[in-house]
Structure formats: structure tokens, C-alpha cells
Amino acid sequence: MAAAAESGGRRVGFVGAGRMAEAIAHGLIQAGKVEPEHVLASAPSDRNLCRFQAMGCQTTHSNLEVLHSCPLVFFATKPHILPAVLVEVAPAVTAEHILVSVAAGVSLSTLEELLPPKARVLRVSPNLPCIVQEGAMVMARGRHAGSYEAQLLRSLLEACGQCEEVPEAQVDIHTGLSGSGVAFVCAFSEALAEGAVKMGMPSGLAHRIAAQTLLGTAKVLLQKGQHPAQLRTDVCTPGGTTIYGLHALEQGGLRAAAMSAVEAATCRARELRRK
């Protein structure tokens with residue numbers, strides 16, 4: 001009952017029904033921020049819409065129907081498709097709408113150019129763990145989105161994980177750090193597990209332990225507010241196993257490779273924005 005009261009009959013729309021849209025919708029529904037029947041998603045085909053239907057959401061092939069039905073709309077199309085979609089739906093945008101883009105690399109200025117004057121626009125950079133309510137997100141507001149819109153969006157997205165407001169210049173960096181970072185962390189988890197497999201541990205067990213090690217380490221860092229270097233130092237003992245392993249990682253260039261990966265992904269996000 002409390003969850004239903006909190007959702008207050010709020011209608012939320014998604015233009016685009018891919019994995020990120022699904023992740024956000026799932027998080028909102030799981031946290032009781034919105035009722036599934038009050039979610040409307042659009043996509044050209046049923047391929048992605050079936051996952052929304054499985055959550056009990058409404059679906060359509062009409063982007064305009066989403067705008068006509070929902071005052072809060074997430075645009076979750078591919079970045080190169082979004083401009084054409086915005087031109088299509090612009091006639092349906094009213095002063096009541098709050099419009100949120102999750103498309104990587106599409107700037108607020110581009111969004112505002114393609115939408116009616118004074119449209120309330122915000123930009124969000126989410127990541128896939130939103131689907132288990134452990135996302136790491138940042139948001140930036142456009143010229144006509146005020147504190148009310150920012151607070152509303154943040155209160156909704158916190159149902160999907162951590163959400164922070166930042167200057168737009170930092171959104172592309174977040175894409176490189178956290179959006180793409182999910183894949184980087186998976187690559188590291190896989191490598192940890194494969195090291196254990198090489199030494200004789202069964203594969204399934206190795207992957208479960210590697211994932212739990214990442215989860216537990218992250219929780220310690222967040223709950224204690226420690227710098228990673230401090231926790232790393234706490235684990236090391238002189239002449240022990242960990243310092244030998246860290247030396248091997250340094251020889252392999254792990255630190256530089258991770259920094260270069262974030263830089264490369266950030267630069268690509270900036271390239272997409274310029275296009």
C-alpha cells in the first residue's frame with residue numbers, strides 16, 4: 001500500500017525499449033515508484049517490447065502515443081536515431097512534459113534545439129546494474145529544467161541505485177567510467193576467475209568467488225568511505241601473497257590499461273556528441 005501511495009498514479013513513458021530502458025523501468029517498478037500498468041514503452045518492433053510486456057507494462061509502436069499519455073518520458077533510443085525521433089515527437093511536447101535522454105553522446109543543446117522552446121529537458125547517464133537497483137548514474141539539467149525537475153528525477157532514479165547531479169561536461173566521463181565500466185569490470189572479473197581456473201579451481205566456483213569478491217570490495221569502499229589505496233594497503237602484508245600478486249599486475253600494466261580504457265570510452269562519447 002505504501003508503495004502504491006508513493007507512485008501516486010504517475011505515468012512514465014519510454015521511447016525506445018532496449019536494455020537500458022528495461023533496466024530503468026524494472027528498477028522503478030521494483031521500488032514501487034511507478035505501477036507497471038502506468039508504464040508505456042514504444043519501439044518499432046515487438047522484439048524488445050516483449051520484455052516490457054513481461055513486467056506488466058503497456059506497449060505501443062507509436063512514439064507519439066507515449067508523449068500523449070505520459071508527462072515524464074525517457075528517450076532511450078540509439079544515439080544516431082534520437083534526433084529523428086525528437087523531430088517526430090516535438091509537436092506533441094507540452095509545458096507539462098519532463099523529457100529525459102539516456103542516449104550517450106547527445107548533448108543538452110542538441111536536445112533543446114530539436115524540441116520546442118522552453119522544453120524541460122534533462123540528460124542522464126545510467127548503467128546496466130540499474131536492473132538490479134545497483135546502478136551508478138549521473139544527471140545534468142537543461143536550461144529550462146529547474147530544481148523541481150532535478151529533484152523529481154533524482155528521487156525516481158535513486159530507486160535504481162546511486163544518482164548524482166553533475167555539470168554536463170562530466171556526463172561523457174561518466175559514460176567512460178561507469179557506463180562502459182561495467183564491461184571493464186566484467187573483463188577483470190573474468191580474468192580473476194580464469195587465473196583461479198589455471199591454478200586448479202572449478203570454473204563455476206571461480207567465477208562466483210570472483211564476482212562476490214568484487215561485490216564485497218565495493219561495499220567496503222562505499223560503506224567505509226575509504227580510498228581504494230587504503231583498503232589495498234590494509235590487505236597487503238610484507239612479503240605476503242597480495243604484494244606479489246600486485247607486483248604481477250603492475251608488470252602487466254593493469255593500472256595504465258584501466259585508465260586508458262576510461263579515456264578511450266570517454267573520447268568516443270565525445271565524438272558521438274560532436275556528430
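The axes of helix 9 (residues 181-198) and helix 10 (residues 203-224) come within 8 Å and cross at roughly 135 degrees, where axes are lines fitted to C-alpha atoms over the stretch in contact and angles run from 0 to 180 degrees between N-to-C directions. This is a predicted model, in which local features need pLDDT of at least 70, side-chain atom pairs count only at pLDDT 80 or more, and totals for chains, interfaces and linings use all residues. Residues are numbered from 1 along each chain as its sequence is written, and side-chain values use heavy atoms, with hydrogens and water left out.

**Helices 9 and 10**
- Helix 9 and helix 10 are therefore oblique to each other, a class left over once angles under 35 degrees (roughly parallel), over 145 (roughly antiparallel) and 65 to 115 (roughly perpendicular) are set aside.
- Their contact (heavy atoms within 4.5 Å) involves V185, F188, S189, E190, L192, A193, A196 and V197 of helix 9, together with S203, A206, H207, A210, A211 and L214 of helix 10.

**Helices 8 and 13**
- Helix 8 (residues 171-179) and helix 13 (residues 254-274) have axes that come within 7 Å and cross at roughly 135 degrees, and the two helices are therefore oblique to each other.
- Helix 8 contributes D172, I173, T175, G176 and L177 to the contact, while helix 13 contributes V262, A265, T266, A269, R270 and R273.

**Around L28**
- Leaving aside its neighbours within four places in sequence, L28 is in contact with F14, K33, V34, L156, A159 and C160.

Definitions and conventions:
Helix = DSSP H or I, 4+ residues; strand = E, 2+ residues; numbered from the N terminus.
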